[in-house]
Amino acid sequence: MEPITIIGSGLAGITLARELRKLNREVPLQIVAADEADFYSKPSLSNALAGGKSPAQLVVTPRDKLAAELGIEILPHTRVDAIDVPGRSIHTGRGMLPYGRLVLATGAHPIRLPIEGNGATQVLSVNSLDDYARFREALEGKRRVAILGAGLIGCEFANDLRTGGFDVTVFDLAPAPLGRLLAPVAAAFLRQRLEAAGVVFHFEASIGRVERQGAGFRLIDNRGASHEADLVLSAVGLKPATELAATAGLQLNRGIVVDRLLQSSQPGIYALGDGAEVGGLNLPFIMPIMRQAKALAATLNGTPTELVYPALPVVVKTPACPTVVCPPPMGSVGAWREEASESGVVSRYEDAAGKLLGFALVGDTNAKQVLGAQVPAWL
């Protein structure tokens with residue numbers, strides 16, 4: 001069986017390696033990573049502060065232990081610059097490395113806003129353990145944190161920072177938090193709970209300029225208003241990392257386009273994780289990645305296995321207001337029906353016949369499994 005090279009040591013790459021080893025202990029397996037290649041749970045980055053977790057404490061399995069447990073070769077601090085498809089090799093800082101079958105688990109990059117001002121380059125984002133370490137260091141001695149973006153990650157960081165005792169102000173062009181995921185009543189309930197926890201929101205507002213002001217920053221929004229902060233965190237979303245795939249001439253759309261076997265447009269090259277797009281879906285969440293890894297491991301081991309997505313509700317880590325979202329499939333035609341109570345809001349997205357296509361729960365999430373079983377499969 002041809003050797004397998006995985007580029008990327010995040011959740012997708014490491015989970016694939018583990019699933020492969022459950023099926024086959026003999027196939028040569030190599031992971032090429034740009035970072036230290038220690039395994040950690042990336043979703044924990046947005047709620048580690050309140051738990052007092054240092055960057056080192058977030059490491060679940062150190063690289064050397066992981067390599068020994070799985071019987072694989074891991075090349076850390078090895079940047080891959082290009083893929084040579086005819087030569088079946090990758091260009092790296094260590095020179096040319098041959099591959100048999102290649103898997104891209106290259107993840108996603110934080111979206112960079114077009115911010116002006118002499119403080120723009122000091123706006124932080126957290127998308128890796130190294131980013132989190134820099135963020136923790138920058139927080140030392142600080143009190144006021146401005147967050148750009150009130151989406152899933154922005155709300156999680158806002159809740160976490162407030163629990164950690166920081167003053168938090170969040171800016172977003174949308175009219176409410178989780179604007180792409182929640183219907184109006186649910187969004188208002190989440191906003192109320194987070195504001196009760198001390199988060200300050202500025203909606204329909206964006207930051208266009210960040211200037212240094214003493215040891216902190218002055219932020220200018222789209223209305224010309226000025227705001228002060230000691231640290232600025234951007235959490236406006238992620239963009240699939242497709243640059244490496246482009247060097248191989250792979251088909252790209254929002255992400256690296258793959259079929260339901262997770263094979264790209266180039267035979268022998270596969271993709272999974274935050275950078276992959278299958279059936280028009282790019283889902284940077286834990287459960288889709290776990291399903292991708294299991295299916296791809298079987299395929300690489302000689303049993304072609306198509307990826308299947310049931311409805312996969314996403315848990316938003318906002319303890320001040322527990323929230324679960326299960327968006328309707330792309331292209332769905334329907335409308336939201338919301339029921340509010342003192343304990344929370346149940347939002348159902350239904351078609352004209354009353355069939356449930358998606359839902360959101362805020363405050364009280366106990367109905368997650370019952371509703372999730374009624375929603376049609378995503379893929």
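This is a predicted model: local features need pLDDT of at least 70, side-chain atom pairs count only at pLDDT 80 or more; totals for chains, interfaces and linings use all residues.
Residues are numbered from 1 along each chain as its sequence is written, and side-chain values use heavy atoms, with hydrogens and water left out.

Ser347 sits in strand 25 (residues 345-350); strands are DSSP runs of E with at least two residues, helices are runs of H or I with at least four, and both are numbered from the N terminus. Its side chain makes a polar contact with the side chain of Glu338, at 2.7 Å (a pair of N or O atoms within 3.5 Å; within protein, one must be able to donate a hydrogen and the other to accept it, and residues adjacent in sequence count only if both atoms are side-chain atoms). Setting aside neighbours within four places in sequence, Ser347 is in contact with residues including Ala183, Ala186, Trp336 and Phe359, where contact means heavy atoms within 4.5 Å.

Another buried residue is Thr323, with a relative accessible area of 1%, found in strand 23 (residues 323-326). The Thr323 side chain reaches the backbone oxygen of Cys321 at 2.8 Å. Beyond four places in sequence, its contacts include Leu178, Leu190, Val315 and Leu361.

Thr247, by comparison, counts as partly exposed at 36% relative accessibility. This residue belongs to helix 6 (residues 243-247), and a polar atom of its side chain lies 2.6 Å from the backbone oxygen of Leu244. Not counting residues up to four places away, Thr247 touches Asp81, Ala82 and Ile83. Thr247 and Ala82 are 165 residues apart in sequence, yet 5.5 Å apart in space, C-alpha to C-alpha.

Then there is a pair of helices. The axes of helix 1 (residues 11-23) and helix 7 (residues 286-300) come within 8 Å and cross at roughly 40 degrees; axes are lines fitted to C-alpha atoms over the stretch in contact, with angles from 0 to 180 degrees between N-to-C directions. Among the residues making the contact are Leu16 and Leu20 of helix 1 and Met290 and Ala293 of helix 7.

Methods:
Buried means under 20% relative accessible area, exposed over 50%, partly exposed in between (1.4 Å probe, protein chains only).
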